[in-house]
Amino acid sequence: ARDLHTWFELRQWGFLRVGAVRAVDGVDFALAGGEAVAFVGESGCGKSSLARTLLGLHRPTRGEVRFAGRSLGELQGRALKAYRAEVGYVQQDPYGALPPFLDVRRILAEPLIVHGVRDRAERERRIRAALEEVRLSPAEAFLGQFPHMLSGGQQQRVVIARALILAPRLLIADEPVSMLDASVRVEILELLRHIQRERGLTLAFITHDLSTVRHYAERIFVMYAGRVVESAPVDDLLDHPQHPYTQALIAAIADPDAANATRLREVPAGEPPSLLHPPAACRFHPRCPHFMAGLCDVEDPPDFTPRRDHRSACWLHR
Ligand code: SF4
Ligand code: MG
């Protein structure tokens, strides 16, 4: 993704222009084939809009997404269809993702039919293999089930099977476990990580939960107000956070009580900035304990490299 911007025009009563919601506001990154990364940030920081832009569901306002050497904006017709087969998507809410009146066999057959797998026996073979891969086993027991007959965790496994059935090279999972019971979250995350390794997939997690990323991502991108403010290999990011926002997030995980008592006064949690009227220059400056007037609120901090392979967009590194 290069200089990626996805803005949404906001209108009142359908015509009065209120402004642009800057959901993705200047994001640059490259993913290597076969790596597992996580985009982390509070809700409303633009993570899902970024995911949907990568999927080609939103057209970027500026900048571009390139995949395997081709610009997504130039893909049309068959090439666009092929791209959709190469990028799988697991969304947050399995209940909303699965059509209630189709059984599991039909749900998994759908993408195969759309992408031209005409042979019925071949479809059946791939459907069964997909169910086994997400450990809905034996497959026979699940083929005739409807979504409401399955638990939340089983539903999310079906969603994952559907996302994998066309053998994508990239899988984007947007908060894949946030709607599930705590007891099945780890299982689903481990399943995704296992499949990623087995298949050599590129896996992009979208999450608000920094506390579990060490277990399933190799590299982290921290997002704030539509931008990536810090990125690094997971251990380096968690053990040596460079950006004040990441430091505040990690402090809040390490000691929730202390965070409530002291940190939160400086860095109020759960108050993400407006993407309609984002703060000038460094988006984090109204909440930052290291705010430098006349600099942080005037000039955008560029990406610095305070450590090897570790980027942080903060003036403190200058
Ligand atoms: Fe804080 Fe300034 Fe760094 Fe922004 S640029 S995070 S306001 S110190
Ligand atoms: Mg979201």
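**Entry 1: overall build**

Taken along the principal axes, the C-alpha atoms of the protein chain fill a box of roughly 65 × 45 × 45 Å. I noted that buried residues make up 37% of the 318 residues in the protein chain. Among contacts with a separation of 6 or more, 62% come from residues 24 or more positions apart.

The mean pLDDT of the protein chain is 91, with 94% of its residues at 70 or more. Over residues 261–270, however, the pLDDT is below 50, although this stretch has twelve contacts in the model beyond near neighbours in sequence. Where pLDDT is low, the predicted coordinates should not be read in detail, and I leave the particulars of residues 261–270, where pLDDT is below 50, aside.

**Entry 2: the ligand**

Which residues are the closest to ligand 1? I found 13 residues surrounding ligand 1, and the closest of them are Cys282, His285, Cys288, Cys296 and Cys314. Sorting the shell around ligand 1 by class, I get eleven nonpolar residues, two polar ones and no charged ones.

**Entry 3: backbone details**

Most residues other than glycine have a negative phi, and most peptide bonds are trans. With that in mind I searched for exceptions, and noted that the peptide bond from Ser137 to Pro138 is cis, with omega near 0 degrees. Pro138 is found in the loop between α5 (120–133) and α6 (140–143).

I also looked up Asp3, which has a positive phi of about 50 degrees although it is not a glycine. Asp3 lies in strand β1, which covers residues 2–12. Is Asp3 buried or exposed? Asp3 has 11 other C-beta atoms within 10 Å, and is therefore exposed.

Ala167, likewise not a glycine, has a positive phi of about 55 degrees, and Ala167 lies in the loop between α7 (152–164) and β8 (170–174). With 12 other C-beta atoms within 10 Å, Ala167 is exposed, because the cut-off for exposed is 12 or fewer.

Note on methods
Residues numbered from 1 in each chain as written. Chains lettered and ligands numbered in written order. Predicted model: local features only at pLDDT ≥ 70, side-chain atom pairs only at ≥ 80, totals over all residues. Near = placed C-beta within 6 Å. Nonpolar A, V, L, I, M, F, W, Y, C, P; charged D, E, K, R; others polar. Buried ≥ 20, exposed ≤ 12 C-beta atoms within 10 Å, placed from the backbone. Contact = placed C-beta atoms within 7 Å. pLDDT = per-residue confidence, 0-100. Helix = DSSP H or I, 4+ residues; strand = E, 2+ residues; numbered from the N terminus.
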